[in-house]
Amino acid sequence: MIIEETKSEKTQEIKPYVEVKDLVTQFFTARGIVKALDRVSFSVYPGEIYGLVGESGCGKSVTSTSVMDLIPDPPGRVVSGEIFIDNFNILSDIKTLARIKIKSETDVRIKRNKRALKRHNNVLSHIRGDKISMIFQEPFLALNPTMSIGEQIMEVIMLHNISSISESMIRRENISSGDVNEFITKYYSLNDDTLKRKTVNNFTASYAIHEFEESIISLLTTSDDRQYIETEILNMIRENKSGINIENIKTIKGYYDLQREIFQMTLKLLQAERTGETSAVNRYTTEIRKLKRIESGNFFNLKMKLRFAYKHYMAEYRKEARRRTMELLTLVNIAGPEVVIDSYPHELSGGMQQRAMIAMALASNPNMLIADEPTTALDVTTQAQILEIIKDLNKLIGMAVLFITHDLAVIAETCNRVGVMYAGNIVEEASTVETFNDPKHPYTVGLMSSVPRADKKREKELKLETIPGTVPNLITPPSGCRFHPRCKFAMDICSLKKPKLVEISKNHKVACFLYSDESEVE
Amino acid sequence: MELKYYIIRRLLILIPTALGLLLMTFILLRAIPVSDLIANYVNQRASPAQRAIEKQQAIALLGIGQPLPEQFYIYIVDILHGNLGNMYSNFYSGPVIVGIEDYLPFTLELTIFTVIVSVLIAIPLGTFIGSRPNTVADSTGRVFSLIFFAMPIFWLALVLQLVFGKNIGPLGAYGLPISGQGYPSTQQVGFIVNGVSQPTHMLFIDSVLHGDFPLALVALEHLILPVLTLSMSILAGLLRFIRAGMVDTANQEYIKTARAKGVPEKMVLKKHIRKNALLPSVTVIGLLVAGLLGGVVVVEDIFKLEGLGRLSLAAVVGTVGNNIQFYGVAGTILFFGLILMLTNLIVDVVYAFLDPRIRY
């Protein structure tokens with residue numbers, strides 16, 4: 001009883017940032033339906049690194065792209081399931097998006113609902129990049145060849161961070177001696193150098209005065225006269241102030257805030273539509289209509305200006321975005337960011353490109369990062385550096401990471417928890433230590449024994465073991481447990497029923513009839 | 001910065017290309033027996049004394065008796081001095097260079113309008129059908145582009161004349177003028193000298209420059225059908241390329257990145273897919289213009305427009321008793337080649353501007 005209570009308490013405390021439930025993704029090809037994912041469920045908690053591991057072609061990348069709902073359509077579709085990102089089910093309107101009529105394996109008619117798709121994509125464009133972002137396997141292919149690195153990173157900031165930039169700019173315009181005084185007091189109250197530096201950084205960032213960071217630091221280290229420092233900093237900011245039209249910034253901020261409000265309403269509307277509360281649906285629809293009327297009434301001029309003179313009108317924001325981009329490039333250890341920011345992807349090495357990708361993914365301060373085999377295309381030293389960056393970011397910012405790889409060594413080095421995938425199913429899920437020391441599922445056992453190890457166990461048998469056979473063709477997957485044709489311990493039941501992923505010990509889940517009799521209901 | 005150096009380098013490459021072009025026309029001329037060349041230069045209707053003088057001029061112009069490299073040198077010097085020889089035909093008689101000066105601008109006008117019209121239609125249309133592959137719109141677009149791409153220009157020109165032509169089609173007197181009715185030579189306006197408008201020799205642009213908008217309208221009316229005829233094939237070819245580019249680019253990994261960044265669907269299409277998809281099409285425009293110049297000859301003849309195409313055709317046909325006009329042919333070929341060179345220069349610069357990978 002007591003154990004159960006603490007457990008339920010714990011689940012109430014920490015809610016998963018991303019929760020995937022019964023995700024089914026299929027590809028409708030001319031040769032048949034590829035059942036790429038078959039009821040995949042897992043969750044990623046804030047601040048952890050969750051690893052997905054498996055052979056090639058077992059659905060790892062499909063999982064990651066499905067979480068962002070980026071499966072190329074046609075041929076693929078997320079057919080059913082739920083994906084909660086920050087407590088919002090991005091697939092809540094999946095039923096209305098398309099009607100799939102399966103006549104036979106090779107003859108599938110999909111009728112897409114264009115209006116619903118438009119709204120779906122619109123909602124997702126607010127979530128992708130903002131709450132959750134992604135880095136890809138081959139940075140060279142994943143970067144737009146005709147846009148400079150800086151442009152590509154700035155694009156993310158200009159999409160998601162206009163409001164926060166406006167806020168810091170307005171704050172800079174209205175800066176008072178009290179604000180500076182507060183900062184100086186805080187600075188002197190700290191003893192640690194790195195903390196001091198961080199305070200300066202926070203101060204300059206929140207007032208959008210990054211260009212003064214160096215001079216402020218030198219001022220603080222050379223002088224002891226607080227009054228003098230305060231007036232100097234204020235002078236610096238006020239001299240720089242000229243030329244910015246604060247009214248413009250306020251209108252732009254108003255416009256973007258309104259957009260955000262409409263988006264929030266749309267989310268509520270979607271939620272209400274799913275639960276079927278007609279009154280709530282009506283209420284939210286009128287609310288959205290009202291907001292849209294305000295938008296077209298008050299911001300018509302601004303919209304036209306943004307449409308035809310975006311670069312000119314947003315110049316101040318672009319300057320700020322560029323500064324943030326520079327900061328991001330420094331954060332991911334790019335040497336010479338001032339050169340890299342204006343260079344094109346083909347001018348950089350693979351490691352640099354991947355770093356730029358990571359900088360791009362971090363640009364909007366997302367709470368979660370999906371890393372889809374980020375180190376596969378890189379050499380070992382660069383790989384180590386990239387992993388180090390991801391681990392550091394996870395620790396510093398507390399960003400959750402969904403890490404996808406087929407490299408067990410990488411998993412062992414980075415992840416907190418591991419999900420082992422086979423042919424579109426998660427077959428085992430446990431903490432990294434347990435997965436490596438006490439694998440349960442025959443597939444996981446096979447994977448572990450196919451890795452060369454330097455410990456005593458392996459001394460006798462130098463020959464590496466392999467798992468016989470290959471990953472099955474997912475157009476015609478094996479019945480029951482998809483692993484049974486390759487399994488040493490296959491029983492009769494394995495080909496008849498599909499085992500369910502059940503918890504056999506604390507935080508250790510296995511889908512295998514060797515450990516539990518539970519099967520999935522078809 | 002890099003782009004500037006690329007353009008300079010590209011301009012320098014023009015020099016050997018131009019020399020190659022000159023060598024080609026030179027060889028074409030020298031492949032003809034010398035006696036024929038001399039006979040061609042001389043106006044057969046002139047007095048015997050005049051003919052003797054012109055014969056001497058021809059020998060000097062060709063550098064007969066000198067070694068071939070010397071002759072090539074003389075040829076280049078002559079061309080630089082604007083001396084391309086004479087031609088005699090029903091359409092135009094006189095020095096070739098004067099004929100080209102009079103008729104080239106119209107062809108340029110026609111080509112520029114054609115390229116602009118087809119590009120302006122092809123890009124939005126290609127974006128539209130390329131962004132929804134395998135739909136009804138896409139299939140219709142593809143079928144039509146294939147039909148128009150395969151359609152012979154002379155046939156299309158005739159059909160358009162029959163349908164839209166003034167006084168012959170169903171539109172009657174409200175149709176568009178054909179057969180050059182009312183074009184410069186018949187206009188009586190101050191800035192038209194000897195049937196050629198001043199200063200650019202392009203009637204539409206000149207009349208706009210002089211503020212004579214009714215005449216500009218007349219000039220535009222004359223351009224509509226020829227431009228339509230010529231742009232159909234370019235438009236069709238371009239449309240197919242843009243569509244293919246769009247479909248190909250939409251499947252690239254970096255488009256997935258753009259979506260993963262949260263770029264709205266509209267912006268993905270405009271900023272990420274279209275810009276990359278247009279790259280191959282830019283090169284194709286250069287190639288299509290080469291085909292267009294062949295069409296110009298036919299279209300100018302059918303619509304009785306006075307351009308370089310008519311001149312070259314007249315040079316090929318010649319007059320009775322004095323068949324093909326070699327100098328006229330060589331001169332017009334040279335200028336068609338120059339148009340092509342310039343088009344490719346523009347195409348290359350635009351390509352470099354769009355694609356940073358080119359500026360090495």
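1. Two strands pair if DSSP finds at least two bridges between them. Keep that rule in mind for strand E3 of chain A. The model is predicted. Five bridges join E3(A) to strand E10 (residues 400–405) of chain A, and these two strands run parallel.

2. E3(A) has another parallel partner. Strand E11 (residues 417–422) of chain A is joined to E3(A) by four bridges. Here A:Val53 has A:Val420 of E11(A) as its bridge partner.

3. How many residues of strand E3 (residues 49–53) are buried? Five of its five, and the strand is described as mostly covered. Look at both faces. A:Ile49, A:Gly51 and A:Val53 lie on one side, with A:Tyr50 and A:Leu52 on the other, and all are buried.

4. Now turn to charged pairs. Side chains of opposite charge can pair when their charged atoms come close. Over all chains, the count comes to 26 salt bridges. A few are worth a visit.

5. Start with A:Glu373 and A:Lys60. Their side chains meet in a salt bridge, 3.8 Å from N to O. A:Glu373 sits in the loop between strand E9 (368–372) and helix H19 (380–397), while A:Lys60 is in helix H2 (residues 60–67), so the pair ties together parts of chain A that are 313 residues apart in sequence. Both A:Glu373 and A:Lys60 are buried.

6. Next comes A:Glu273 with A:Arg119. In this salt bridge the closest N and O atoms are 2.9 Å apart. The pair links distant parts of the chain: A:Glu273 belongs to helix H12 (residues 246–275) and A:Arg119 to helix H4 (residues 114–127), 154 residues apart. Are these residues buried or partly exposed? A:Glu273 has a relative accessible area of 36%, so it counts as partly exposed. A:Arg119, at 25%, is partly exposed too.

7. Helix H12 also holds a local pair. The side chains of A:Lys253 and A:Asp257 form a salt bridge, 3.0 Å from N to O. Why is the separation about one helical turn? Because A:Lys253 and A:Asp257 are four residues apart in helix H12 of chain A. Buried means under 20% relative accessible area. A:Lys253 is at 16%, so it counts as buried. A:Asp257 is at 28%, so it counts as partly exposed. Elsewhere, salt bridges that share partners join A:Glu320, A:Arg323, A:Arg324 and A:Glu327 into one network.

8. Check A:His484. It lies in the loop between helix H22 (442–449) and strand E13 (502–505) of chain A. Its relative accessible area is 18%, so A:His484 is buried. Which backbone oxygens does its side chain reach? That of A:Cys481 is at 2.8 Å. The backbone oxygen of A:Ser479 is 3.2 Å from a polar atom of the A:His484 side chain. Leaving aside neighbours within four places in sequence, the contacts of A:His484 are A:Pro478, A:Ser479, A:Ala490, A:Cys494 and A:Ser495.

9. Finish at the surface. A:Phe489, A:Met491, A:Ile493, A:Ile504, A:Leu514 and A:Tyr515 make up a nonpolar patch there. Together they have about 490 Å² of accessible area. One of them, A:Leu514, is in the segment after strand E14 (508–510) of chain A. A:Leu514 has 40% relative accessibility, so it counts as partly exposed.

Definitions and conventions. Residues are numbered from 1 along each chain as its sequence is written. Chains are lettered from A and ligands numbered from 1 in the order in which they are written. This is a predicted model: local features need pLDDT of at least 70, side-chain atom pairs count only at pLDDT 80 or more; totals for chains, interfaces and linings use all residues. Side-chain values use heavy atoms; hydrogens and water are left out. Buried means under 20% relative accessible area, exposed over 50%, partly exposed in between (1.4 Å probe, protein chains only). A polar contact is a pair of N or O atoms within 3.5 Å; within protein, one must be able to donate a hydrogen and the other to accept it, and residues adjacent in sequence count only if both atoms are side-chain atoms. Contact means heavy atoms within 4.5 Å. A salt bridge is a side-chain nitrogen of Lys or Arg within 4 Å of a carboxyl oxygen of Asp or Glu. Patches are made of residues with over 30% relative accessible area and no salt bridge: like charges are joined within 9 Å, nonpolar side chains (Val, Leu, Ile, Met, Phe, Trp, Tyr) within 5 Å. Accessible areas come from the Shrake-Rupley method with a 1.4 Å probe; for residues, only the protein chains shown count as cover.
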